[in-house]
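Thanks for sending this one over. Here are my notes, point by point, to read alongside the model.

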Amino acid sequence: MEKLYDVAIIGGGVIGSAVARELSRYQLKICVLEKELDVCNGASGRNTGLLHSGILSGDHKLRTECCLEGNAEFDQVAEELDVPFRRSGKLIVGFGEEEKLCLEKLYEHGLQCKVPGIRMIGADEIKKIEPNADGETAIYVPSAGILCPYTYAIALAENAAQNGVHYHFDQEVTGIEKGADGNYKISTVKSHWTARWVINCAGLFAYRISSMLGFGTYIPQRVKGEYEILDKKAGKFLSIPIYPAPSENGDCDIHITPTVDGNVLVGPTLKEIGDEIDYSATQEKIDEMMIQGARLFPKHVKREYFIRNYTGIFPYVVDPVTMQRVDFQIQSDPHISHAVNLVGISTPGLTSALPIARRVVVKVLEQEDLLPNPAFNPIRKGIIRFADQTDEEKARLIGEDPDYGEIYCRCECVTKAEIKQAVHNILGVSTVSGIKYRTRATMGRCQGGYCETRLTSMIEQELHRDAKDILLNQNGAYMFVGKVK
Amino acid sequence: MNSRTFTCIICPNGCEIQVSYEGDKIHEINGNKCKKGLQYVEQELTDPRRTIASSVRIKGAELPLCSVRLTKPIPKKDIFSVMEKINQADLTAPVHIGDVVIKNVCGLDSDVIVTKDMERLQ
Amino acid sequence: MNRRDVVIIGGGPAGLAAAAALKKAGIHDILIVEREKQLGGILRQCIHDGFGLTRFGETLSGPEYSQRFINEVKDLQIESITNATVIDLSNDKVVTIDTTEGLLKIQARAVILTMGCRERTRGALAIPGTRPAGIYNAGVAQSYMNLYNKMVGKNIVIMGSGDIGLIMARRLTLEGAHVSAVFEILPYPSGLPRNIEQCLNDYNIPLYLSHSVIDIKGDPRIESVVAAQVDEKQKIIPGTEKEFPCDTLILSVGLIPENELSLSAGVSLDGRTKGAIVDENFQTDVPGIFAAGNVLHVHDLVDFVSLEAEKLAEGVSRYLKEGSLPEADIPVETGSNIGHVIPQKISGTRDIQMSLRVRRPVKKCRLVISQGSHTIKSIPMPKAIPAEMIQLQLKADSFISKEPVEVRIDE
């Protein structure tokens with residue numbers, strides 16, 4: 001299956017999809033080669049879902065610049081792409097003198113970076129902003145916000161796909177060569193692709209693609225973060241993310257974050273894992289989250305509110321010489337024409353995705369004139385959430401499509417109509433978790449006890465799949481071994 | 001003389017029954033709340049039997065399987081031969097509770113019967 | 001807005017029994033709302049036998065048991081809607097129902113909560129390890145295997161010895177899978193003794209008491225679990241860890257009454273049962289809202305669910321005829337070794353049925369009901385185990401004052 005694309009983007013996470021979307025503003029044949037079976041299976045779907053303010057980006061200039069830019073524009077982005085978002089603000093709280101000094105230093109840094117509206121506040125004002133938070137001193141960061149990270153990745157990808165970008169899943173890149181014709185020949189585990197341009201957006205694996213392309217060598221110094229998701233019953237008591245004072249290297253350990261859907265996230269715990277990929281949860285970290293969580297959000301970090309845990313991996317890399325974590329790298333090189341290399345894109349990658357993408361476009365324009373795509377449409381509509389509608393609107397929806405009159409997922413109140421739309425998503429994702437990320441089905445407190453059988457039947461029927469070919473989230477994650485009879 | 005403790009499975013009480021016996025002759029029995037317990041132990045000592053339930057493929061109904069069970073207990077050792085017969089059976093909707101799927105399965109004097117009303121899907 | 005005397009939320013064994021009993025008590029304007037396409041509730045997937053011995057004097061499979069009630073409801077011409085999910089219940093008893101015909105809003109005079117329960121999940125337990133495919137709650141596996149013809153795995157390990165887990169150990173074995181172990185964190189089984197016997201012992205499936213799954217390995221599909229022995233405080237005993245290869249982990253680690261609608265109506269819950277706080281009429285603290293069956297407290301036998309719902313119908317019909325029920329101002333308190341008790345409060349003006357469970361197993365004990373220094377009843381018991389619900393009847397004239405009633409086990 002060889003086909004000449006103008007641009008092949010390696011990696012379809014939030015960065016790759018933002019790049020795809022921004023490049024689809026031009027007349028280009030673009031493909032995204034994604035290793036997984038969906039766009040949010042890596043770091044893009046496994047993070048805190050925070051719209052960062054820039055205050056925590058340390059002395060990395062590009063990281064801070066992209067973050068500030070992405071933060072400022074996000075109301076409009078959320079509107080265009082129909083991404084659940086709330087500018088909640090954020091509290092970074094401290095206990096005792098030492099943490100107070102640390103916060104004061106951070107506050108000064110925030111002022112220098114021009115993080116808008118930040119203020120040092122005391123215990124009284126902390127309680128005024130969030131009565132259920134605890135702390136003696138805090139930095140109040142009004143520009144921070146919360147968004148749904150996997151919905152954002154999906155929204156960018158869907159908008160790109162609407163504008164003509166092709167997504168190819170299960171395409172782990174195994175090699176890249178530049179042919180005599182100047183085109184890149186990209187081999188994947190499944191196929192071969194040809195493209196004039198290659199953009200490396202491979203996230204956790206970007207350092208590998210970087211080497212394949214001939215850009216610099218970087219050493220992965222990944223950080224593993226475990227999270228717990230708490231019931232919406234806890235969510236009622238939290239309106240704003242609460243961060244602890246950062247450690248020496250600037251990392252903020254376990255924090256408490258409300259989600260746009262009304263749950264609460266506890267985490268991430270932080271552990272350096274070098275070049276490993278390890279998504280497992282550990283008893284030690286679960287216990288740590290209970291203790292640290294209770295310090296910031298007393299009374300509501302309870303076992304009975306646990307719904308599920310997940311683990312994310314921050315794709316940090318270090319420079320092989322200095323062994324220091326590198327800033328965002330958006331590289332092009334005259335000796336490596338028609339390639340843009342993104343490395344070190346870790347947190348706040350979500351906030352910075354579109355600013356990064358625009359800088360990639362600039363790199364492309366430096367080497368090639370592009371014609372605007374007159375058909376480009378920046379607006380993407382998500383699946384209408386029945387649960388969020390008024391009764392009048394619900395009645396209208398059922399009148400239009402009786403499938404809205406069947407609740408499939410009762411915890412999150414997701415209807416058959418929404419599930420059906422998700423099964424037929426524009427990217428062609430067909431996993432059970434693909435439906436989950438697009439509808440919230442199985443995300444409630446019964447964790448699919450009621451609806452999972454319906455989801456798998458829907459995949460079976462609508463996509464004419466054999467039961468044993470239904471996958472939870474990735475290759476090999478088969479749900480069934482066959483039929484009973 | 002042997003002694004053994006049985007958990008009676010006849011009813012939810014699940015009586016713990018202590019028995020001393022020789023061969024199939026019971027000398028002493030304690031712990032059973034009713035005489036069914038004695039019958040159960042006698043049966044267990046001589047010829048342990050169970051009823052089983054499973055399901056059978058069905059065509060034309062809303063679901064692909066129809067539940068079935070045995071009308072009488074069968075010897076424990078024959079359970080898996082009966083399962084093989086059940087696995088081979090096919091039904092077509094409509095079916096109703098009590099419909100016989102396999103008469104006298106494996107010659108054990110027990111029938112496999114339908115335990116769920118399943119109508120034909122229009 | 002439509003008006004109804006009674007809306008019953010959930011057409012499983014509790015809802016059906018309540019409906020039939022109400023109709024027989026002379027209440028005619030009843031609507032059963034069921035979210036599945038058929039009535040019958042969870043029993044549709046409980047294809048094993050052993051139901052009905054108490055209620056019908058014979059042993060039936062789940063679908064047969066529920067069909068008896070479905071037939072009765074049909075014969076009594078009680079109205080029901082299926083494939084219809086209640087999405088909201090207000091404090092003043094407005095029921096909002098999502099149906100393919102539209103969004104129905106019904107003002108009920110009385111609402112009966114019979115939504116049943118759900119299973120505790122892996123996430124709620126926070127079991128460490130990977131998050132592979134192949135981890136199923138026992139009830140979900142049961143639904144896949146008995147209704148949808150989907151086989152969940154071949155090499156099975158089961159965590160928790162709840163009844164559904166035991167039943168599934170046998171089901172999986174009969175359908176060709178190999179069940180290599182059942183782990184129970186407690187020093188005694190959670191399920192009924194007869195199920196240990198006929199589901200595990202009959203098929204030589206080992207039950208590991210005081211054992212817990214402490215790690216899950218494998219990705220993308222589960223490959224093994226690590227289990228370890230625990231002490232009496234449920235702390236892992238170092239050195240006892242052992243790895244068990246499997247392609248499937250089935251969880252049977254408890255049931256939780258499904259009370260999200262109850263909460264939206266402002267009904268107060270009991271932290272022990274996770275169900276509503278009710279009086280002897282099964283009325284919650286919201287007048288006119290009643291609850292019975294597994295939504296109230298998790299039962300061991302469906303027969304008791306039906307009987308409880310029939311009992312509830314007496315209270316509901318009295319409420320409808322008289323406009324209110326006597327105030328229940330005598331608290332019923334749990335004393336030593338009592339896990340929970342229903343009802344949690346009584347009026348002391350009528351005979352009551354009490355349901356309770358002990359916290360830990362005991363042999364040769366007395367179940368004592370008292371009010372202050374006065375002993376109402378003291379019943380000798382050869383044994384009492386948490387897996388079995390205990391029920392007893394108390395006469396109205398047993399209650400001599402407005403002092404709290406205490407229920408306890410004396411050893």
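1. A word on terms to begin with: two strands pair if DSSP finds at least two bridges between them. Helices (H or I, at least four residues) and strands (E, at least two) are DSSP runs, numbered from the N terminus. With that in hand, look at K483(A), which stands opposite K150(C) in β11(C). The strands concerned are β25 of chain A (residues 482-483) and β11(C), which run antiparallel and are joined by two bridges.

2. Some ground rules for reading the rest. This is a predicted model, in which local features need pLDDT of at least 70 and side-chain atom pairs count only at pLDDT 80 or more, while totals for chains, interfaces and linings use all residues. Residues are numbered from 1 along each chain as its sequence is written, chains are lettered from A and ligands numbered from 1 in the order in which they are written, and side-chain values use heavy atoms, with hydrogens and water left out.

3. How many residues of chain C are in contact with chain A? There are 46 of them, and they meet 54 residues of chain A; contact here means heavy atoms within 4.5 Å. The area buried between the two chains is about 4300 Å², with carbon and sulfur atoms giving 52% of it. Buried area is the accessible area (1.4 Å probe) that two parts lose on being put together, summed over both.

4. Eight salt bridges are counted between chain C and chain A, each being a side-chain nitrogen of Lys or Arg within 4 Å of a carboxyl oxygen of Asp or Glu. One salt bridge to look up is between the side chains of K37(C) and E406(A), at 3.7 Å, N to O.

5. Which elements of chain C supply at least two residues each to the side that touches chain A? They are β6 (85-89), β7 (94-99), β8 (102-113), α3 (122-125), α4 (138-146), β11 (150-151) and α7 (260-264). The most comes from α4(C), with four residues. By class, this side of chain C has 17 nonpolar, 12 polar and 17 charged residues. Here Ala, Val, Leu, Ile, Met, Phe, Trp, Tyr, Cys and Pro count as nonpolar, Asp, Glu, Lys and Arg as charged, and the others, Gly among them, as polar.

6. Now for strand β28 of chain C (residues 405-410). V405(C), V407(C) and I409(C) make up its covered face, while E406(C), R408(C) and D410(C) lie on the uncovered one. In a regular strand the side chains alternate between the two faces of the sheet. Strand β21(C) (residues 330-334) runs parallel to β28(C), over three bridges, and T334(C) has V407(C) as its bridge partner. Strand β25(C) (residues 362-371) runs antiparallel to β28(C), over six bridges, with L367(C) opposite I409(C).

7. Finally, is I9(C) buried or exposed? I9(C), found in strand β1 of chain C (residues 2-9), is buried, with a relative accessible area of 4%. Buried means under 20% relative accessible area, exposed over 50%, partly exposed in between (1.4 Å probe, protein chains only). Leaving aside residues up to four places away in sequence, I9(C) touches residues including V33(C), V86(C), V95(C), V111(C) and L261(C). V95(C) is 86 residues from I9(C) along the chain, and their C-alpha atoms are separated by 9.1 Å.
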